[in-house]
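This note is written for a colleague who is new to the structure. Please keep the sequence and the model at hand while reading the numbered points.

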Amino acid sequence: MIISPLAGKLPPDVLLVDIPKLITAYYNQIPNANISEQRVVFGTSGHRGCSLFTSFNEYHVLAITQAICEYRAIQGSSGPLFLGIDTHALSVPALSSAMEVLAANGVEVMLAINDEYTPTPAVSLAIIKHNRHLRMRLADGIILTPSHNPPSNGGYKYNFPNGGPADTLGTNWIEARANYFLKNKMNGVKRVSFSKAIHASSTHHYDFLSTYVNELGSIIDLPAISQAHLHLGVDPLGGAGVHYWPRIAEVYELNLTVINDKVDPTFRFMTLDWDGCIRMDPSSPFAMERVIRMKDQFDISFACDTDHDRHGIVSVSTGLMQANHYLSVSIDYLFKHRPLWKDTVSIGKTVVSTQLIDRIAQRLGRSLYEVPVGFKWFSSGLYDGSLGIAGEESAGASFLRMDGSVWTTDKDGIVPALLSAEIIAKTGFDPGELYAGLADEFHHPVTDRLDVHASPEQKAKLLNFTSEQFKQTELAGKKILKVISKAAGNNAPIGGLKVEIDDGWFAVRPSGTEDIYKIYAESFTGEEQLHLILNEAQIIVDGILHTA
């Protein structure tokens with residue numbers, strides 16, 4: 001991976017997105033459904049794209065929304081639809097387009113009061129609260145966000161009545177129906193004017209912010225944080241939670257400083273990521289340069305991405321923690337400090353998360369539920385309380401309330417961030433120090449990931465590759481013990497391949513949202529073995545891609 005000389009620096013004006021041009025393209029450019037890059041595609045986190053490349057435009061939003069209206073009618077979801085947006089420039093016009101279709105279909109919509117930006121977890125929580133104890137008129141939700149993607153991107157996510165991301169069957173149906181509308185010149189898409197939609201009797205307003213903040217005391221020991229007099233620093237990275245943090249500090253009497261409270265659709269205040277692009281990625285040391293630089297001013301500091309469903313933790317002892325490291329610390333801490341959780345509660349992880357979690361689970365006497373990448377696989381377990389915590393290596397996680405009941409079934413960046421402060425308040429050690437103890441206990445695992453450009457055809461080849469096609473018997477000089485193309489937890493295809501030896505592994509999978517594939521690797525022996533695993537994994541992948 002070649003690091004841009006601009007990484008970690010503020011962007012020059014030439015790199016800022018032209019907002020008027022972006023919005024004009026949203027309305028003026030018409031997608032061609034015969035071009036694969038311009039069709040609706042639901043990846044692991046919904047449909048994403050850029051209006052300038054005709055991959056996220058008004059027609060996409062109209063088509064997806066009509067498809068959702070029809071799908072929810074088939075499923076019997078006749079309750080309200082909770083609709084939230086993040087701070088990306090395309091989220092506001094996408095909201096207008098979605099509202100025109102929802103109102104035309106008579107869908108009861110709940111919008112944020114005062115046009116407030118709405119984090120993904122606030123939508124998930126609202127759905128769960130509404131549907132609790134109901135069997136009919138179930139609610140669902142839409143979040144208009146491309147997550148941490150660049151400022152030029154737009155995104156569309158649909159959440160089921162359980163509060164979590166729509167499953168594969170649902171998104172496949174919605175995707176196919178939306179593309180049908182694109183191919184047929186939008187015939188069948190119902191629509192009214194935005195003015196009529198916003199004043200329709202089916203359009204209501206909901207206080208997402210107060211509802212979310214007032215419930216936080218059921219999942220995080222906030223009095224302990226307050227009484228410990230910790231100084232917390234948070235950077236919302238210009239995202240949807242920008243107004244949530246001051247309210248959290250006020251309600252729970254926390255000494256919390258918002259490092260940056262700016263909202264600007266160009267995101268000119270963000271330091272550039274590794275490749276010289278703007279991304280609101282709280283896992284990136286380049287995007288998090290400002291928070292890392294200020295770490296010694298706080299007892300703990302953290303940030304969330306644009307829709308606040310991912311977190312980044314900066315401890316005084318170690319700086320920015322790897323997502324796998326903090327997830328491991330969180331799991332170890334929660335199962336020791338949540339006495340009301342049932343003994344049968346399990347741990348959810350993805351196939352590309354650290355196997356340190358496997359070892360912690362064994363020591364805790366807890367079962368492991370390993371699934372493909374995508375938080376949708378965890379939603380039902382979080383909803384019924386069978387999963388205590390579920391997390392991904394990409395810094396997305398959620399966990400149960402202190403009484404063992406469901407919190408959110410989609411990723412929540414805010415509660416893992418606040419948990420880092422609870423950990424200090426209750427243990428006296430910051431998460432970085434606690435990870436050092438886990439590393440000593442479990443042989444200091446080392447991890448790395450390669451992101452490699454891939455064409456849609458190459459991504460499809462990796463997606464469809466199965467363990468039965470794999471012929472190698474050794475990796476890094478060790479006997480290969482296991483080759484999987486389906487996850488152990490739910491037997492679902494992992495969308496790639498995972499290869500394991502006794503003290504290491506690699507996995508390869510195409511990205512669901514970008515034109516890249518990712519090679520993940522881990523070694524419990526050291527950096528030398530890790531590099532061997534990565535190098536041999538790349539050779540194996542090259543062989544797969546060049547096989548006829």
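Which residues does glutamate 100 touch, not counting residues up to four places away in sequence? Point 2 gives the reply, after a word on the basis of the note.

1. Basis. This is a predicted model, in which local features need pLDDT of at least 70 and side-chain atom pairs count only at pLDDT 80 or more, while totals for chains, interfaces and linings use all residues. Residues are numbered from 1 along each chain as its sequence is written, and side-chain values use heavy atoms, with hydrogens and water left out.

2. Glutamate 100. This residue is found in helix H3; helices (H or I, at least four residues) and strands (E, at least two) are DSSP runs numbered from the N terminus. Glutamate 100 touches Glu58, Lys190, Arg191, Val192, Ser193, Phe194 and Ala197, leaving out residues up to four places away in sequence; contact means heavy atoms within 4.5 Å. Glutamate 100 counts as buried because its relative accessibility is 11%, where buried means under 20% relative accessible area, exposed over 50% and partly exposed in between (1.4 Å probe, protein chains only). Between glutamate 100 and isoleucine 198 there are 8.2 Å in space, C-alpha to C-alpha, although they are 98 residues apart in sequence.

3. Second largest pocket. Its volume is about 200 Å³. Of its 13 lining residues, Ile85, Leu95, Leu111, Asp115 and Glu116 are the closest to its centre. On a 1 Å grid over the protein atoms alone, a pocket is an open set of points with protein on both sides within 12 Å along at least five of seven lines, a cavity is a set where a 1.4 Å probe fits but cannot get out, and lining residues have an atom within 4 Å of a point. Grid points are joined across faces, edges and corners, and a volume is the space filled by probe spheres set on the points. Strand E2 (81-85), helix H3 (91-104), strand E3 (109-112) and helix H6 (194-198) each supply at least two lining residues, and E2 gives the most, with three.

4. Largest cavity. The search of the whole structure finds two cavities of 30 Å³ or more. The largest cavity has a volume of about 70 Å³. Its lining comprises 14 residues, with His311, Tyr326, Leu327, Ser330 and Ala397 nearest its centre. Helix H11 (323-337) gives the most to this lining, with four residues.

5. Second largest cavity. About 40 Å³ of space lies here. Among the residues of its lining are Pro282, Ser283, His311, Gly312 and Tyr326. Strand E10 (311-315) and H11 each supply at least two residues of this lining, and E10 gives the most, with three.

6. Threonine 266. This residue is found in the loop between strand E8 (255-258) and helix H10 (289-293). Is threonine 266 buried or exposed? Threonine 266 counts as buried because its relative accessibility is 7%. Its side chain makes a polar contact with the side chain of aspartate 264 (2.9 Å); such a contact is a pair of N or O atoms within 3.5 Å, where within protein one must be able to donate a hydrogen and the other to accept it, and residues adjacent in sequence count only if both atoms are side-chain atoms. Beyond its neighbours within four places in sequence, threonine 266 is in contact with Leu16, Val17, Ile19, Pro151 and Ile278.
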